[in-house]
Amino acid sequence: MATTPNKIVAGQDSQQGFVYLPLIAGWLVPGAGHFLLRKWGRGSLIAISILGMFVLGLLMQGKLYTGAQDILDMLGLVGDLGNGLLFVVSRILGLGADQVQVTTGDYGTKFIVVAGLLNVIAAVDAHNLRTGRKPE
Amino acid sequence: MIRPSHFMAVLLFAVFASIVFGITQRETPRRMIRYGLYCFALFVGSAILLSWVMFLIAR
């Protein structure tokens, strides 16, 4: 009986503030959603993994999708947009190949797209931790 | 610019994807590690298996 009020208080604490902040922060900066929830280890591993995949993709001369000429380009662009600010900054700096000219460039393009998709998964995980849907 | 071999690209992909899968799809650290290793084995194992299948089909 004594634990019931504590549970209610804990539940109220977990609902305070902007619930979608870890989701948005995690999307914009890989791992930031988990950092906001003080999950330093998980956030670091996620940041290293996604940043590593993205940078390796660029180093392999992977392509950053810029527009949607057909359905495959559209899907690629959606995947790239999952990288959040990494994609925006890379586009501003003109990184990434315009066209895939070497075999590794094709691998690199996929690395960049998958990094974006993994980043979305990680951001949703941070949101689930924030709302209590996933136990900590 | 780097030019990894196909297998090295598979290994790098599997390592990074397995880490994120492990952290996001399981709840306790022990289960995260086990699931991450399981995903890594499936990524690499399926790549090797499919490579052999394609090699045999191409002959």
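This is a predicted model: local features need pLDDT of at least 70, side-chain atom pairs count only at pLDDT 80 or more; totals for chains, interfaces and linings use all residues.

Trainee: Why is Ser90(A) called buried?

Mentor: Ser90(A) has a relative accessible area of 4%. Ser90(A) is found in helix α6 of chain A.

Trainee: Which residues does Ser90(A) touch, leaving out those up to four places away in sequence?

Mentor: They are Phe54(A), Leu58(A), Leu64(A) and Leu95(A). Phe54(A) and Leu58(A) are also among the buried residues of α4(A).

Trainee: What makes Ser44(A) partly exposed?

Mentor: Its relative accessibility is 31%. Ser44(A) lies in helix α4 of chain A.

Trainee: How do you know that the side chain of Ser44(A) makes a polar contact with Trp40(A)?

Mentor: The side chain of Ser44(A) reaches the backbone oxygen of Trp40(A) at 2.7 Å. The cut-off for a polar contact is 3.5 Å, and 2.7 Å is within it. As for His34(A), it is ten residues from Ser44(A) in sequence and 8.5 Å away in space, C-alpha to C-alpha.

Trainee: How do you know what span to expect for helix α4 of chain A?

Mentor: Helix α4 covers residues 40-59, which is 20 residues. The expected span is 1.5 Å times one less than the number of residues, and for this helix that comes to 28 Å. From first C-alpha to last, α4 reaches 28 Å, close to expectation. Just after α4(A), Gln61(A) takes a positive phi of about 65 degrees.

Trainee: What covers the buried residues of α4(A)?

Mentor: The cover includes α3, α6 and α7 of chain A, together with α1 and α2 of chain B.

Trainee: That brings in the other chain. How many residues does each chain give to the contact?

Mentor: Chain B gives 19 residues and chain A gives 23. About 1,900 Å² is buried between the two chains, with carbon and sulfur atoms giving 79% of that area. Helix α1 of chain B brings twelve residues, the largest share of the chain B side. That side divides into 13 nonpolar, three polar and three charged residues.

Trainee: How many salt bridges and polar contacts cross the interface?

Mentor: The rule finds zero salt bridges between chain B and chain A, but five residue pairs in polar contact, both residues at pLDDT 80 or more.

Terms used: Residues are numbered from 1 along each chain as its sequence is written. Chains are lettered from A and ligands numbered from 1 in the order in which they are written. Side-chain values use heavy atoms; hydrogens and water are left out. Contact means heavy atoms within 4.5 Å. Buried area is the accessible area (1.4 Å probe) that two parts lose on being put together, summed over both. A salt bridge is a side-chain nitrogen of Lys or Arg within 4 Å of a carboxyl oxygen of Asp or Glu. A polar contact is a pair of N or O atoms within 3.5 Å; within protein, one must be able to donate a hydrogen and the other to accept it, and residues adjacent in sequence count only if both atoms are side-chain atoms. Helices (H or I, at least four residues) and strands (E, at least two) are DSSP runs, numbered from the N terminus. Ala, Val, Leu, Ile, Met, Phe, Trp, Tyr, Cys and Pro count as nonpolar, Asp, Glu, Lys and Arg as charged, and the others, Gly among them, as polar. Buried means under 20% relative accessible area, exposed over 50%, partly exposed in between (1.4 Å probe, protein chains only).
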